[in-house]
Amino acid sequence: MSETFADPPFAGTSFAEKAAALDTADELGKLRELFTLDDTVYLDGNSLGALPRHVPARLQEVVTREWGELRIRSWDESGWWTAPERIGDRIAPLVGAAAGQIVVGDSTSVNVFKAVVAASRLAADGRDEILVDATTFPTDGYIAESAARMTGHRIVPVAPADVPAALGPRTAVVLLNHVDFRTGRLHDLPGLTAAVHAAGGLAVWDLCHSAGALPVGLDEHGVDLAIGCTYKYLNGGPGSPAYLYVAERHQAAFDSPLPGWTSHADPFAMTLGYAPAEGSVRGRVGTPDILSMLALEASLDVWDGVDVSAVRAKSLALTDFFLECVAAYVPEGRLTSVTPAAHAERGSQVALRCEDAEPVMRALIERGVVGDLRRPDVLRFGFTPLYVGFADAERAARILADVLAERVQA
Ligand SMILES: Cc1ncc(COP(=O)(O)O)c(C=O)c1O
């Protein structure tokens, strides 16, 4: 266990000194000022992103002026009606999509349902298998299973690395997570999407743990459909609405399983027969949840002028540095990282297996280091590059080491 660096340019300096140097050189460091934070080390932005400072004032205006004074007029005059597509177009560059393909609304779970059913309807006749990430966040699996029962498909659970071998002439749809919520493993979206297409299937990606943390490249890699939440790295607020991406080439044939009135070509005609709107609007269902939606819209201002590849570079540097500090401060064998060391396989979180994870995380939170726990034994630390710095990473590792040492002594 050494608390100084052996290698240049930081030879002989402590981890705290290296952290200070890295923070000084960090061009994204100034963005932290845009958020409401305190001296807690907040490493749970992969569950709930921090509050951008300007959002309360914007929400106050929405409530008092747009709702309180303009009332019904705001659907038109305040742009409420078109908010789902407008905000979708704000998210689009963050996930590598051209405008007109993303619509915001409903929860991720509901969008998983829309995407899986719609993808199975887009798939060629005779294909009856839906492959689902066997390590998936549970909601995706539950919903895909129900969607399969409704549409006469068969669910095939497959670990992402085994997907190429499981593909075949029966594959209709493959539903995968870009980053594993538990381990932080980043899956090969370009390679797996290409493999799914080569087998004649459609690829649906869940971007909850990647959007806002790393480049996704939806258009570049030819993804068919995608969904994601906005309350993690996009900082939209608790329960902020999710989004649905339908690649432009699929929009005309996109057949929503939830064809609500707001996705109708002429919603105010109030006709009994359903005629779908063109474009991303087709993914809408009912009345949008305007307060949450406009909080999300305001929160996206923090991305103005931010390059996602710079965010990715900082995210990797942060997680590397945190792992280095943990390796230096914590006796060997006490913790095991379940997050891949290879950059190409790592998202923006570090997950450490720890026998007594539950009391350890409780003690960390009491000392102002907020991560979270995935039962039974995984400590999760999310690194949001817009507001987490290198000194935060060093402090978290140091306090973690202290907590572990005290548990041994006790
Ligand atoms: C990968 C993934 N998918 C889906 C969800 C659930 O989405 P929601 O609760 O917004 O429906 C989460 C929530 O954390 C998630 O991490």
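Leaving aside its neighbours within four places in sequence, with which residues is Ala 148 in contact?

1. **Ala 148.** Ala 148 is in contact with Ile 130, His 153, Arg 154 and Ile 155, once neighbours within four places in sequence are left aside; contact here requires that the C-beta atoms of two residues, placed from the backbone, lie within 7 Å. The residue is found in helix H6. Because it has 22 C-beta neighbours inside 10 Å, Ala 148 counts as buried. A residue is called buried if 20 or more other C-beta atoms lie within 10 Å of its own, exposed if 12 or fewer, and partly exposed in between, with C-beta atoms placed from the backbone. Ala 148 and Val 116 are separated by 32 residues in sequence and by 8.5 Å in space, C-alpha to C-alpha.

2. **Basis of the note.** The model is predicted: local features need pLDDT of at least 70, side-chain atom pairs count only at pLDDT 80 or more, and totals for chains, interfaces and linings use all residues. Residues are numbered from 1 along each chain as its sequence is written. Helices (H or I, at least four residues) and strands (E, at least two) are DSSP runs, numbered from the N terminus.

3. **The seven-stranded sheet.** An open sheet is formed by 7 strands in the order E2-E8-E7-E6-E5-E3-E4, with mixed pairing. Its edge strands, each pairing on one side only, are E2 (102-104) and E4 (154-158). From one strand to the next the twist averages 20 degrees. Two strands pair if DSSP finds at least two bridges between them. Strands E5 (residues 171-177) and E6 (residues 202-206) run parallel and are joined by 5 bridges; among the residues involved, Val 174 has Ala 203 in E6 as its bridge partner.

4. **Helix H6 against the sheet.** Helix H6 (residues 138-151) lies across strands E3 (129-133), E4, E5 and E6, and runs at about 175 degrees to E3. Axes are lines fitted to C-alpha atoms, for helices over the stretch in contact, and angles run from 0 to 180 degrees between N-to-C directions.

5. Of the 13 residues around the ligand, Ser 107, Thr 108, Ser 109, Phe 137 and Cys 208 come nearest. A residue is near a molecule if its C-beta atom, placed from the backbone, lies within 6 Å of it. Helices H5 (108-122) and H6 are the elements that give two or more residues to this shell. By class, the shell holds 5 nonpolar, 6 polar and 2 charged residues.

6. **Annotated positions.** The unreviewed UniProt entry places the feature "binding site" at several positions, including Thr 108, Ser 109, Phe 137, Tyr 231 and Thr 287. The annotated positions are spread over 180 residues of sequence and also in space, up to 30.8 Å between C-alpha atoms. Such annotations may be inferred rather than shown by experiment. Tyr 231 lies in the loop between strands E7 (225-228) and E8 (243-246), and counts as buried because it has 22 C-beta neighbours inside 10 Å. Thr 287 lies in the loop between helices H9 (248-251) and H10 (290-299), and counts as partly exposed because it has 13 such neighbours inside 10 Å.

7. **The four-stranded sheet.** A further open sheet has 4 strands in the order E9-E10-E13-E12, with antiparallel pairing. E9 and E12 (372-374) are the edge strands. Strand E10 (residues 349-353) has 4 of its 5 residues buried, so it is largely enclosed by the rest of the structure. E10 pairs with E9 (residues 336-337) over 2 bridges, where Thr 336 stands opposite Arg 353 in E10. With E13 (residues 378-382), E10 pairs over 5 bridges, and Gln 349 stands opposite Gly 382 in E13.

8. **Backbone points to check.** Most residues other than glycine have a negative phi, and most peptide bonds are trans. A cis peptide bond joins Arg 375 and Pro 376, with omega about 5 degrees; Pro 376 lies in the loop between E12 and E13. Arg 71, in the loop between H2 and H3, has a positive phi near 45 degrees. Arg 71 counts as exposed because it has 9 C-beta neighbours inside 10 Å. Met 270, in the loop between H9 and H10, has a positive phi near 55 degrees. Met 270 also counts as exposed, because it has 8 C-beta neighbours inside 10 Å.

Methods:
Nonpolar A, V, L, I, M, F, W, Y, C, P; charged D, E, K, R; others polar.
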